[in-house]
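Please keep the sequence and the structure side by side while reading. The paragraphs below go from one element to the next and stop at a few residues along the way.

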Amino acid sequence: DIRRQRQMCIRDSIDTLRADHLGCMGYHRATTPNIDALAADGITFRSVYASDVPCLPSRTALITGMFGIRNGVVNHGGEAADLRSEGAGREFISSMAARSWAATFFFAGWHTASISSFPLRHSASWWNHGFMEAMNLMRGFGGERADQVVPGALDWLDRRGTADDWFLHVHLWDPHTPYNTPDDYGNPFESDSLPAWHTEAVRSRNWDLAGPHSAQEPWGFRPDEWGDPPARQPWNADSMEAVKRIFDGYDVGIRYADDAVGAIVDRLDQLGVLDDTAILVSSDHGEAFGELGVYADHQAADEATCHIPAILKWPGVEPTVDDGLHYHLDVAATVVDLAGITPPEQQWDGRSVKADLLAGAPTGRDHLVLSQGAWSCQRGVRWGDHLSLHTFHDGYHPHWAPEMLFDIAADPHEQHDLAREHPDDLATGRSLLEDWTAEQLDRSLAPVDPMQIVLDEGGPYHTRRHLPSYLDRLRRTGRSAWADALVERHPDEADPGFWVT
C-alpha cells in the first residue's frame with residue numbers, strides 16, 4: 001500500500017555527487033553509510049542521468065520538467081541562462097510556474113518548502129515556483145557546508161514534520177569544489193587507496209593535456225585563479241599523492257554530506273514519522289577526476305558529469321535495484337505519480353515509471369540525450385553500452401575530437417575513444433541526436449536551439465575571454481602545440497580584441 005493517510009517527502013539534493021562514488025553503487029570507500037542504508041530499504045536507480053548540466057541547466061530542467069533545449073536554459077550566463085518567454089500565449093500564471101515540480105505538490109494541497117541558496121546564486125527565481133517557503137537560511141550564494149544547512153532543515157521538521165502532506169527540498173553543497181569540509185573533520189579515507197582505474201599512466205598522460213581544470217591547472221585556467229587552494233586541494237596533479245588529495249577532498253565532502261542525511265533521517269525517526277516519509281537522495285550533476293583530462297569539475301556531457309545517483313525510499317514500495325536508463329526528470333515524474341498526483345505529461349519531458357516499478361517489470365528508455373552548455377558546448381547520446389559525444393565548442397580542450405565514442409560498460413572512465421574503430425556505432429549516435437534535436441525544436445517555445453545561441457555569443461560562459469591569457473600560459477608551460485591547436489580552432493576568440501565590447 002503506497003498510499004498512506006499521512007504523506008511526507010524529503011528530497012536531499014547533494015550537489016556535484018557522481019553516481020559511482022556511493023557505496024551502494026559499488027564504490028570501495030565508505031563514503032555513504034547513511035545513504036546506503038536508505039538504498040537497502042528503497043529503490044536504487046543505477047542508470048539515472050541529468051539531461052542538462054551543470055548546475056543551472058540541470059536544476060532548471062528538474063523544476064520545469066523540460067529539457068534545456070525547450071525551456072531555454074543551457075548555460076550559466078548570457079541569453080541561454082534565462083527561461084524562454086512564453087510569448088502571447090503566456091497565461092496569468094505561466095505554464096512553467098503552474099506546472100513546475102513543486103507546483104504539482106502545491107496545487108494538490110501539499111505544504112512545499114525549499115532550503116537552498118541556489119536561486120540566489122544563479123538568479124534563478126523560477127526554482128521557487130510552487131514552493132510556499134523558499135528559504136536561504138544560510139545567507140549564502142552557494143558552497144555552504146552541511147553544518148550551516150542542516151540546522152534549518154531540522155528546525156523545519158520540528159515545526160512541521162508531524163503534519164500531513166508536505167514536500168521539503170534540502171540542498172547540500174559539500175562535494176562541490178572547492179572542497180572545504182572543516183579541518184577538524186579529518187580524513188576518513190587517509191589510508192584508503194585511490195580507485196584502481198586512476199593509475200600513474202593516466203595521470204602522466206593527463207599532465208600533458210590542456211584545458212581549464214586540467215591536471216596542471218585543476219582550479220580553472222591557472223592554479224591560483226581563486227587564490228590559495230584550501231587544505232584539501234593541491235595546486236595541481238603533479239604526483240599520485242596530489243591526485244589522492246583531490247580524490248580525498250571530494251570523498252570527504254561526500255561523507256560530510258552523508259552525515260547530514262543521517263541527521264535528517266534520525267530526526268524523522270525521533271519525530272515518529274520515518275516510516276511514513278518518502279526520501280529521495282539525488283544530485284544535479286557529477287564531477288570528473290581525470291575523465292577527458294578534466295579534474296575536480298563538470299565540463300562535458302559525459303558519463304562522469306551526467307551520471308548521477310537516485311535513491312528513493314517510498315513507504316510501501318519494496319526495495320529493488322533498477323538498471324533502466326532514466327533522466328533525472330523521469331525520477332521526478334515518478335515521485336509525483338507515487339504521491340497520487342497526475343504528472344503534467346503534456347508539458348513535462350519526464351516519464352513516470354511507477355506502474356512498471358510496482359509490477360516488477362523492466363523500466364527505462366532506449367536512449368538518452370545529454371547536454372552541456374556552460375563549460376563546453378556538447379551533447380552526448382547514451383544507449384546500450386555506448387556513449388557518443390558530439391562537440392560544438394571544446395571549451396578549450398584541444399584534445400577533444402569533434403565526435404568521440406566510448407564503451408561505458410567496459411570503459412566507464414572514458415580512456416579509449418572508439419570513434420575510428422566503430423564508425424557504425426558513432427553514426428547511430430549521430431542519427432539519434434539529429435532526430436532528437438529536430439523533435440525537441442518542434443515542441444519548443446522557440447525554433448532556435450539555445451546551444452546555437454551560446455555559440456553565437458562567443459561560446460560557453462565559463463570560457464569566455466580566457467583564451468588569450470591561457471594561450472600564454474600554455475606556451476610558458478611547454479604546451480605550445482596545444483596553444484597552436486586552440487588558435488587554429490578558435491581564431492576569433494584567441495584575439496583579445498574579439499572580447500572588447
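In what order do the strands of the open sheet of 5 strands stand? The model is a predicted one, and in it the order of this open sheet is β3-β13-β14-β15-β16, with mixed pairing. The edges are taken by β3 (52–53) and β16, each of which has a single partner strand, so one side of each is left without a neighbour in the sheet. Helix α13 packs on this sheet, where it touches β13, β14, β15 and β16, and its direction makes about 110 degrees with that of β14. Within the sheet, β14 and β15 pair in the antiparallel sense over 7 bridges, and W383 stands opposite H386 in β15.

Helix α13 covers residues 423–443, 21 residues in total, and from its first C-alpha to its last it reaches 30 Å, close to the 30 Å expected at 1.5 Å a residue. Which residues of α13 are buried? They are L426, G429, L433, W436, T437 and Q440. These residues cover an arc of only 105 degrees around the axis, which puts them on the same side of α13. On the other side of α13, by contrast, D424, E434, D435 and D442 are exposed. The partners of the buried residues of α13 include the sheet strands β13 (367–372), β14 (377–383), β15 (386–393) and β16 (403–407), and α3 (68–71) and β12 (326–327) are also among the elements against which these buried residues pack.

Strand β14 also holds R379. Is R379 buried or exposed, at 2% relative accessibility? Because buried means under 20% relative accessible area, R379 with its 2% counts as buried. The side chain of R379 is joined to that of D449 by a polar contact of 2.7 Å. R379 can also be placed relative to H111, from which it is 268 residues apart in sequence and 37 Å apart in space, C-alpha to C-alpha.

Another strand to consider is β1. All of strand β1 (residues 8–14) is buried, 7 of the 7 residues, so it is largely enclosed by the rest of the structure. In a regular strand the side chains alternate between the two faces of the sheet. For β1 both faces are covered, with M8, I10, D12 and I14 buried on one side and C9, R11 and S13 buried on the other. Strand β1 runs parallel to β7, to which 6 bridges join it, and D12 has V281 in β7 as its bridge partner. Strand β1 also runs parallel to β6 (residues 166–172), here with 7 bridges, and C9 stands opposite F167 in β6.

From β7 (277–282) the chain can be followed into the loop between this strand and β8 (288–289), which is where H285 is found. H285 is buried, with a relative accessible area of 0%. A polar contact of 3.4 Å joins the side chain of H285 to that of D284. Which residues is H285 in contact with, leaving aside its neighbours within four places in sequence? They are D15, T16, L17, R18, V53, P54, C55, H298, T305 and I308.

Technical notes: Residues numbered from 1 in each chain as written. Predicted model: local features only at pLDDT ≥ 70, side-chain atom pairs only at ≥ 80, totals over all residues. Heavy atoms only, no water. Helix = DSSP H or I, 4+ residues; strand = E, 2+ residues; numbered from the N terminus. Expected span 1.5 Å × (residues − 1). Buried < 20%, exposed > 50% of the residue type's maximum accessible area, 1.4 Å probe, protein only. Arc of directions from axis to C-beta. Contact = heavy atoms within 4.5 Å. Pairing = 2+ DSSP bridges. Axes fitted to C-alpha atoms, helices over the stretch in contact; angles between N-to-C directions. Polar contact = N/O pair within 3.5 Å; in protein donor to acceptor, adjacent residues only side chain to side chain.
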